[in-house]
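Please look through the sequence and the structure shown below, and keep them at hand while reading the report that follows.

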Amino acid sequence: MRPELQEIVDDFAASPKAMRLELLLDFANSLPALPAHLADDRSGLEQVVECQTPFFVAAEPGPDGRVALYFDAPPEAPTTRGYAGVLSAGLSGATAEEILTTPSDFYTAMGLSEIISPLRLRGMGAILGRLKRQVHQRVDGDAS
Amino acid sequence: MAPSTETDPDPKLAAYHRPDRLVTTAWLAERLDDPAIVVAESDEDVLLYETGHIPGAVKIDWHADLNDPVARDYVDADGFAALMAAKGVTRDTTLVFYGDNFNWWAAYAMWVCKLFGHEDVRLLDGGRKKWIDEGRPLTTEVPAPAPAEYPRVERDDVAIRAFKEDVLAHIGTAGRLVDVRSLGEYSGELTHMPDYPQEGAIRGGHVPGAVNVPWRRAVNEEDGTFKPADELRAIYLEEQGLRPGDDVIAYCRIGERSSHTWFVLTQLLGLENVRNYDGSWVEWGNAVRVPIERPGHPVRPPIGGGR
């Protein structure tokens with residue numbers, strides 16, 4: 001797993017239960033806003049329909065082989081924003097390889113299941129799944 | 001006996017079966033300092049309370065606080081008493097729940113409190129959204145209530161809670177089954193989309209004989225409040241033919257939306273025998289050999305003998 005993401009997972013796991021929510025809120029609050037080109041033209045964004053609130057993601061490979069990740073979630077959905085913040089801080093700027101090899105269940109080690117229902121936690125996996133598929137399509141040209 | 005908190009005299013509420021089970025935002029705003037009242041936020045989104053809540057409100061989370069951490073069940077008598085005590089709630093406290101998503105989880109929390117027989121539980125009509133839309137104050141300051149004394153009360157799982165076995169026994173009787181999910185879930189379409197794991201159920205469809213009355217029909221979309229009594233009566237009593245004495249079981253996916261309908265049927269319309277099947281579709285849609293109804297498919301009776 002990419003060290004930046006591993007470090008976040010470890011931080012959560014090492015925090016007492018009460019602090020994990022605050023940590024997730026920090027990630028929600030620090031989620032970068034959409035860049036101008038996506039805010040103006042949202043066609044590059046894909047909606048993650050598994051999430052109950054309107055939530056959009058885009059994985060954009062750059063010429064340097066690094067993939068920029070963008071997320072758009074409303075402030076009324078801080079948990080979803082928190083998931084996005086974790087993925088943004090942990091994986092934005094990673095190589096396609098690093099994103100594709102991130103374990104789909106990486107978040108289980110964060111110790112969130114005590115505070116968030118397992119059903120809701122799956123949202124994190126769904127977001128990562130979307131990002132991986134976009135990387136597949138946009139890097140490998142695999143349209144499957 | 002402790003003096004009871006007055007009923008919100010709002011005329012819309014007066015037309016409901018139990019006008020004392022709802023409060024308006026204006027009523028609550030004037031009583032945030034009333035020591036007889038504890039305001040509690042219960043949300044779908046576990047972080048929402050932390051982003052700002054009604055001043056003085058405590059947080060009660062359906063997953064972390066009301067569910068048993070191991071078994072798929074609610075907390076027991078000790079757990080509930082400890083939770084209430086920690087939130088500053090006594091047996092005489094007026095508990096006012098509010099939350100996001102049209103008060104789904106607020107209604108669920110109220111229903112769980114009713115399993116333990118807490119008498120004075122109310123919902124804030126319009127919930128979190130209406131409070132915010134009206135520009136009323138929010139704070140991120142988390143209250144630290146002095147621990148209260150709350151008695152140990154055994155949970156009553158009979159009167160208002162139904163289990164899978166109860167639903168099985170209900171099929172084919174005069175009892176009514178109300179599926180409050182969306183039409184797509186009721187008809188079984190939603191679990192058939194590939195790669196959409198949010199349903200958590202293997203099979204799609206509904207319990208045979210259940211009618212579909214989505215929870216959403218009970219609310220005003222613009223402000224999240226409950227529809228007035230006459231409109232609710234038109235839907236549930238006239239259109240659906242529910243009668244006050246009917247034996248009714250309501251279900252959804254995990255029991256929160258059906259708590260919302262349970263509230264409407266029992267507290268707002270006065271139906272006497274309504275149980276919430278909290279196992280709901282996540283249990284039924286995964287259970288072995290239970291009958292399922294889906295448009296275009298005959299209900300298959302159990303075969304092969306056995307018990």
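B:R289 is found in the segment that comes after helix 12 of chain B, and its phi is positive, at about 65°, although the residue is not a glycine. Most residues other than glycine have a negative phi.

A second case is B:S280, whose phi is near 45°, again a positive value in a residue other than glycine. B:S280 lies in helix 12 of chain B, which covers residues 280-284. Is B:S280 buried or exposed? B:S280 is buried, because 26 other C-beta atoms lie within 10 Å and the cut-off for a buried residue is 20 or more.

## Two packed helices in chain A

Two packed helices are described by the angle between their axes and the distance between the axes. Helix 2 of chain A and helix 4 of chain A pack at an angle of about 75°, and their axes are 7 Å apart. The two helices are therefore roughly perpendicular to each other, since angles of 65 to 115 degrees are placed in that class.

On the side of helix 2 of chain A, the contact is made by A:L24, A:L25, A:F27 and A:A28, while helix 4 of chain A contributes A:P78, A:T79, A:R81, A:G82, A:G85, A:V86 and A:A89. Sorted by class, the residues of this contact are 7 nonpolar, 3 polar and 1 charged.

## Where chain A touches chain B

The contact between the chains takes 18 residues from chain A and 13 residues from chain B. On the side of chain A that touches chain B, the elements that give two or more residues are helix 2 (17-29), helix 4 (78-91) and helix 6 (118-140) of chain A. Helix 2 of chain A gives the most to this side, with 4 residues. When the residues of this side of chain A are divided by class, there are 11 nonpolar, 4 polar and 3 charged.

## Confidence of the prediction

For the complex, the predictor gives an ipTM of 0.83 and a pTM of 0.91. Chain B has an average pLDDT of 93, and 95% of its residues score at least 70. Over residues 192-196 of chain B, however, the pLDDT is below 50, and this stretch has 3 contacts in the model beyond near neighbours in sequence.

Note on methods. Residues numbered from 1 in each chain as written. Chains lettered and ligands numbered in written order. Predicted model: local features only at pLDDT ≥ 70, side-chain atom pairs only at ≥ 80, totals over all residues. Contact = placed C-beta atoms within 7 Å. Nonpolar A, V, L, I, M, F, W, Y, C, P; charged D, E, K, R; others polar. Axes fitted to C-alpha atoms, helices over the stretch in contact; angles between N-to-C directions. Parallel < 35°, antiparallel > 145°, perpendicular 65-115°, else oblique. pLDDT = per-residue confidence, 0-100. Buried ≥ 20, exposed ≤ 12 C-beta atoms within 10 Å, placed from the backbone.
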